[in-house]
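Biologist: I am new to this structure. Please show me how to read its packing, one feature at a time.

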Amino acid sequence: MPSWIGAVILPLSGLLLSLPAGADVKARSCSEVRQAYGAKGFSLADIPYQEIAGEHLRVCPQEYTCCTTEMEDKLSQQSKLEFENLVEETSHFVRTTFVSRHKKFDEFFRELLENAEKSLNDMFVRTYGMLYMQNSEVFQDLFTELKRYYTGGNVNLEEMLNDFWARLLERMFQLINPQYHFSEDYLECVSKYTDQLKPFGDVPRKLKIQVTRAFIAARTFVQGLTVGREVANRVSKVSPTPGCIRALMKMLYCPYCRGLPAVRPCNNYCLNVMKGCLANQADLDTEWNLFIDAMLLVAERLEGPFNIESVMDPIDVKISEAIMNMQENSMQVSAKVFQGCGQPKPAPALRSARSAPENFNTRFRPYNPEERPTTAAGTSLDRLVTDIKEKLKLSKKVWSALPYTICKDESVTAGTSNEEECWNGHSKARYLPEIMNDGLTNQINNPEVDVDITRPDTFIRQQIMALRVMTNKLKNAYNGNDVNFQDTSDESSGSGSGSGCMDDVCPTEFEFVTTEAPAVDPDRREVDSSAAQHGPSLLSASLVGLVLALQRLCR
C-alpha cells in the first residue's frame with residue numbers, strides 16, 4: 001500500500017499531531033497536480049488524491065503537500081533534464097551558426113583550390129601541350145602543398161613557394177640551355193640564386209605575399225569556426241551541481257507539491273537560479289567576445305586584401321606571366337648563372353632542330369567568366385563573409401545572456417508583467433531578493449543556489465584557454481602572420497639566398513644585377529657573339545633554345 005494512503009486515513013487526532021505548527025488542517029484536493037503530473041508521463045500511483053503532511057520533503061516547503069518522497073525525487077530529475085534541454089535549445093542558434101558556416105567555408109575553400117588547379121592544368125595543356133605535361137608534377141606539387149597547408153598540415157608557405165620557383169627555374173633553365181649538361185650540384189647552385197636573378201620578374205615576390213596572407217587568413221578563419229563550434233557544443237552540454245538541481249527543483253516543481261501546478265516562477269527568481277547554475281558559463285563570455293571580435297577582424301581581411309578567391313582565381317595567369325618573364329630574359333639569366341656557377345659541360349649531342357609549335361610563344365590567356373568553374377555552392381567569398389559577419393555579431397555575449405534568454409521564455413516563468421501572481425520559492429507572491437550580477441564570484445550571496453566560488457569549473461576553464469589560443473592565432477592572421485612559423489620565417493629571412501653552395505660550384509660572394517647587360521664569357525664566344533650581332537633579336541635567340549628543349553623533351 002502506498003505510504004500516502006496511510007497518511008490520508010489516519011484518525012483525526014493522529015493527523016493533527018502530524019501537522020506542523022500553524023498549518024491549515026484542511027487537506028485540499030490534488031486533482032490538478034495529478035493531471036499535470038500525469039501529463040509529464042509519470043505514473044499516477046505515486047501521487048495522493050489529497051494533500052498529506054510534508055515532513056518527508058527534502059527540497060520543497062514541509063507543509064501540506066501533494067508530493068511523496070518518490071515524486072520529489074522524480075521531479076528533481078525532471079527539473080535537471082529540462083534545465084539541460086533549455087540550455088541546449090537556447091544555445092542552438094550559436095551552435096548551428098558555427099556548424100553550418102564551417103561547412104560552407106570549408107567546402108568553398110576546398111573547391112576553390114580544386115578549381116584553380118583544374119584551371120591551370122587546362123590552360124597549360126592547351127597552350128604548351130606535351131612540354132607542360134612532362135613537367136606538370138612541379139605544378140601539381142604546388143597545389144598539393146597548398147591543400148595540405150589549408151587542411152592543417154605542417155607546411156611553411158614561404159619556404160614551399162620558394163621551393164616551387166626554384167624547381168621551376170631549374171626545369172626552365174635546362175629547357176633554354178639544351179646544349180649543356182647540368183649536374184644536380186649545378187642546378188642546386190642555379191636555384192640558390194633565384195632571389196638575385198629574379199628570372200620570373202616580380203611575380204614570385206608579389207604572389208608570395210598574396211598567397212601567404214590569403215591562405216593564413218583562410219585557414220585560421222576556418223580553424224576559428226571549428227573552435228567556436230567545439231566550444232559552443234561543449235559548453236551547451238551542462239552538468240548541473242547538486243546545489244543547482246535543488247534550486248531547479250524548488251523553482252520548477254515545488255509549485256506542484258504545494259498544489260499550484262499552473263503557477264510559474266517569478267522572473268527575477270528564475271534569473272537568480274539561472275545565474276547561480278550558469279555562473280561558470282557566464283565567465284566564458286569575456287574570452288568569447290574577444291574571440292568573436294578577432295573573427296570579425298579576419299573576416300574583414302577576407303573581404304579585402306587577404307581575399308583568397310581573388311588570389312587563386314587568376315593564379316594560372318600570374319604563373320604564366322612569370323614563365324614569359326623567364327623566356328624574355330633567358331639570355332641575361334643564363335649569362336649571369338654561368339658567371340656565378342661556372343661554365344657547364346656541353347651536352348653529349350644535340351638533336352636536330354624542328355619548328356616550334358605555333359602556340360609555344362603565345363601568352364597564356366585567362367578563362368572567360370563563363371568558362372571558369374563555378375565556386376562552391378554557386379556563391380562567392382564576399383557573400384559568405386557578409387553572412388557570417390552578421391551571425392557572429394549576434395553571437396556576442398551569448399553565454400552571459402543565457403539566464404535572461406531562458407527566463408523570458410513564457411513556458412518557464414510568469415514573465416515580468418506578472419510579479420505578484422508568481423512562484424517565489426515559498427508561495428505565490430512577489431519575489432523580493434535582488435538580482436545577482438553575472439559570473440562565478442558574484443554568486444557568493446546568491447539566495448537561491450549554493451555556489452562554491454573558490455572552485456571554478458575546470459572544463460569551462462579549458463574552453464576559455466582554447467578560445468584564448470585561437471584568438472591569438474586570429475590576431476596574427478589579421479596581420480598576415482602564421483604563428484606556427486613565425487620563428488622559422490624570422491630565422492630563414494636572414495640566411496642569405498647564396499647559402500648552401502659548394503665552394504667549387506658557387507662563389508661565396510657574388511651579386512647579380514639583372515638590369516645590367518649580360519657578361520661575356522670567353523668560353524661562350526659563339527653564343528655571345530651571336531647575341532652581340534643581333535641585339536634586337538635577343539628574344540628570338542632565347543626561343544631557339546626553347547625549341548630545342550621542346551624537341552629534346554618530347555622525343
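Biologist: Which residues have the most contacts inside the largest nonpolar core?

Modeller: A nonpolar core is a set of buried Ala, Val, Leu, Ile, Met, Phe, Trp, Tyr and Cys residues joined through side-chain atoms within 4.5 Å. Buried means under 20% relative accessible area, exposed over 50%, partly exposed in between (1.4 Å probe, protein chains only). Here the largest core has 141 residues. Phe105, Phe139, Leu146, Trp288, Met312 and Ile319 have the most contacts inside it. Helix α11 (residues 203-235) gives the most to this core, 15 residues. Helices (H or I, at least four residues) and strands (E, at least two) are DSSP runs, numbered from the N terminus.

Biologist: What should I know about the model itself?

Modeller: It is predicted: local features need pLDDT of at least 70, side-chain atom pairs count only at pLDDT 80 or more, and totals for chains, interfaces and linings use all residues. Residues are numbered from 1 along each chain as its sequence is written, and side-chain values use heavy atoms, with hydrogens and water left out.

Biologist: How many aromatic pairs does a search of the whole structure find?

Modeller: Rings of Phe, Tyr and Trp (its six-membered ring) pair if their centres lie within 6.5 Å; planes under 30 degrees apart count as stacked, over 60 as edge-to-face and the rest as tilted. The search finds 22 pairs. Take phenylalanine 98 and tryptophan 288: their ring centres are 5.5 Å apart and their planes at 65°, so the pair is edge-to-face. Phenylalanine 98 is in helix α5 (residues 92-128) and tryptophan 288 in helix α16 (residues 285-303), so the pair ties together parts 190 residues apart in sequence. Phenylalanine 98 is buried, at 0% relative accessibility. Tryptophan 288 is buried too, with a relative accessible area of 0%. Another edge-to-face pair is tyrosine 253 with tyrosine 256, at 5.0 Å centre to centre and 75° between planes. Both of these tyrosines are buried.

Biologist: Which residues do ring pairs link into a cluster?

Modeller: Phe124, Tyr132, Phe139, Phe164, Trp165 and Phe200.

Biologist: Where does the charged end of arginine 34 sit?

Modeller: A charge sits over a ring if NZ of Lys or CZ of Arg is within 6 Å of the ring centre and within 35 degrees of the ring normal. Arginine 34 has its charged end over the ring of tyrosine 49, 3.9 Å from the centre. Arginine 301 lies over the face of phenylalanine 306, 4.9 Å from the ring centre.

Biologist: How many residues of helix α14 are buried?

Modeller: Ten of the eleven in α14 (residues 267-277), so this helix is largely enclosed by the rest of the structure. Among them are Tyr269, Leu271 and Met274.
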